[in-house]
Amino acid sequence: METLESELTCPICLELFEDPLLLPCAHSLCFNCAHRILVSHCSTSKPLESISAFQCPTCRYVITLNHRGLEGLKRNVTLQNIIDRFQKASLSGPNSPTESRRLQPQRPYTGTISGTIAGTIGGGSGTSGSSARGSPATSSHSHPHANHANHTNHTNANHSPAVVAKMDPRISCQFCEQDPPREAVKTCVTCEVSYCDRCLRATHPNKKPFTSHRLVEPVPDTHIRGLTCLEHENEKVNMYCLVDDQLICALCKLVGRHREHQVSSLTERFDKLKAYQVSPGRVSDAVMEASKTSAAQTLENNLTNLVKRNSELENQMAKLIQICQQVEVNTAMHEAKLVEECDELVEIIRQRKQVIAVKIKESKVMKLRKLAQQIANCRQCLERSSALITQAEQSLKENDHARFLQTARNVAERVAMATASSQVLIPDVNLNEAFDNFALDFSREKKILEGLDYLTAPNPPSIRDELCTASHDTITVHWTSEDEFSVTSYELQYTIYTGQTNFISLYNSADSWMIVPNIKQNHYTVHGLQSGTRYIFFVKAINQAGSRNSEPARLKTNSQPFKLDPKTAHKKLRLSNDCLTMEKDESSLKKSHTPERFSGTGSYGAAGNVFIDSGCHYWEVLLGASTWYAIGVAYKSAPKNEWSGKNSSSWVFSRCNNNFMVRHDGKEMLVEASLQLRRLGVLLDYDNNSLSFYDAMSSQHIHTFEISFLLPVVPTFMIWNKSVMILSGLPVPDFVDGVALDHQEQQQQQMGLCRQESPYLTGMKTCH
């Protein structure tokens, strides 16, 4: 009913149509309202009878009147009948739509009399042709000129922040006939027109329907336009089609494709969607359960994701803006540096030009001085020769025999002498002094200048794993670089590898990294490393433009080398081969007894000469023909008067004839091994709390102890026949390394799911 009532409301008086006229544009208008429009056009020079046209307040269509005036327009009888029936239905109860409409603010029309006048007199800049049935007014206020201060406060309170942000203080009045128009003081959202103070008083008297118009601070015309229908030009959307889920206008519902569809008012749809998005803390659980729909949940989820994405985009944009600012700063710095460097080059060229020009001038003066001296010598010789020729010619012309004979002899001698010594008469002339043996060749310098360019950071170097070598406490790292000639120096960084695969996070933890700066060659040897330990290495190539890191390389030191300690060997054992071989010797030797020495009946053992408290170490034992032995590790406090493995401080792998077993804390467990076992590999991974045994010849895993080491351990060896030989300080073989890594992953990922404890053996891993 509310939607129907809005369709039956006059766009001028905002009341139900009374004696409606059917305009040629298919819109309707109260007869009295049409008459008021004509009256508003009247003036002293233009009486009412002379007005022959006016604009439709809904669509701005120009209505032409004949000589009968408004009486010449048709009455909308059908609309009047609908209004009569509507009024009868609304009077049937106290909550009728008419009563509700009279108690609530009226729906303002977007094209009032003032808007019509603005379109006709003010040049048509008032409102666009749109539907008279707009969105409901949000508030009503008193006449804008009754109390200007109160009116200003009221409009500011109703003015949304978005509109305030877009205010333009230079908006002109759209109603003025003055050219240029006066500056607007208010914008009527209902009329969609901006007015100056004079026009506002003239067009908005303090009476209905203008008291319900919403006045705000001046805003551009484009900011107060409503949404228009896509199918009906100049018709504003004023309802929501629930079937097609889109905004429509009144014509879409009356005569368009939505006439059979269920529709809802914009206010109702707006309130419903807003209620879906209220958080549970703001409404009761019952209301939330009643209002939640799949569409609302989707909207809320999408909105949350959109807000999150916007936040990420804002952060990313902030970073990009910061980078852009840094680019600007760096560019300006490099441009200034370019000008400075080029100016220095130009200054050097200018100075060298002056120096070379001075040298050329000095050489010119010296050469010209020499040439001038030679010219002077030639001139003197020429003068003497010319004088002799003249004298000789005069003698030949003498006819007096006595005079001729008197001078001829002297002249003949002088001519003969001059002819014979021509080298005296013609001085030496150096023809190489013409300055043609100098050249200005700057081709090399030109090529260098043509190659001028900015310097970039060198490409990342590459660590050559196959060239790197290691001992138990050193690692030599080798690397190559594509930009060998542009690299000023290298920097080597390394740290102990903790198994962390995120190298970026590992690299950012700078406190644990050791740095070796200013390396000039492509290799470096690091000393003082822990034995049997993995390390991560980075190489940084550096020049004036910056630096770049290589990919990480994982390298490891070899196992700790050790020998058998004679002070721990049982008196019936003989050590040889530089304390690397132990052999059972029944002949009792006189050896001094010490607390470190194995003693007791049957405890034929010896320990290594090192205690291990970190790292991963591997050694092998050549068993030879021995068929009765026990090999493992023990704490220093382990008893020396009993078999290894009989106490809680030792762990061993042993063979007793054809049986192989592991032993700890007096508990034994049989394991599978080949009778041809001749080379036993032992891997002690102290950092990962494991002790493993391998058949080194067949690369087969035999058994692994999982031990929570509390103290340093020492390798221990026991034999009851034959002899064994120790090979220590070995690198961990590839097959052992792979098994050890798999074992670590099982520990970390499966958390001991593979552990199966024997009823008589605790603390041992039996699955292999």
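These legends describe close-up views of a predicted model.

The numbering of residues starts from 1 along each chain as its sequence is written. In this predicted model local features need pLDDT of at least 70, side-chain atom pairs count only at pLDDT 80 or more, and totals for chains, interfaces and linings use all residues, while side-chain values use heavy atoms, without hydrogens and water.

**View A. An open sheet is built from strands in the order 10-9-11.** Its three strands pair in the antiparallel sense. Strands are DSSP runs of E, at least two residues, and helices are runs of H or I, at least four, numbered from the N terminus. Pairing requires at least two DSSP bridges between two strands. Strand 10 (246-248) and strand 11 (263-265) are at the edges; each has a single partner strand, so one side of each lacks a neighbour in the sheet. From one strand to the next, the twist averages 40 degrees (axes are lines fitted to C-alpha atoms, and angles run from 0 to 180 degrees between N-to-C directions). Strand 9 (residues 239-241) is joined to strand 11 by three bridges. Cys241 lies opposite Val263 in strand 11.

**View B. Another open sheet has the order 7-6-8.** Its three strands are antiparallel. Strand 7 (193-195) and strand 8 (215-216) are the edge strands, pairing on one side only. Three bridges link strand 6 (residues 186-188) with strand 7. Cys188 faces Val193 across this pairing, standing opposite.

**View C. Asn76 sits in a loop.** The loop runs between strand 5 (74-75) and helix 3 (77-90). Asn76 counts as buried because its relative accessibility is 14% (buried means under 20% relative accessible area, with a 1.4 Å probe and protein chains only). Beyond its neighbours within four places in sequence, Asn76 contacts Pro20, Leu21, Leu22 and Ser28 (contact means heavy atoms within 4.5 Å).

Methods. Buried < 20%, exposed > 50% of the residue type's maximum accessible area, 1.4 Å probe, protein only.
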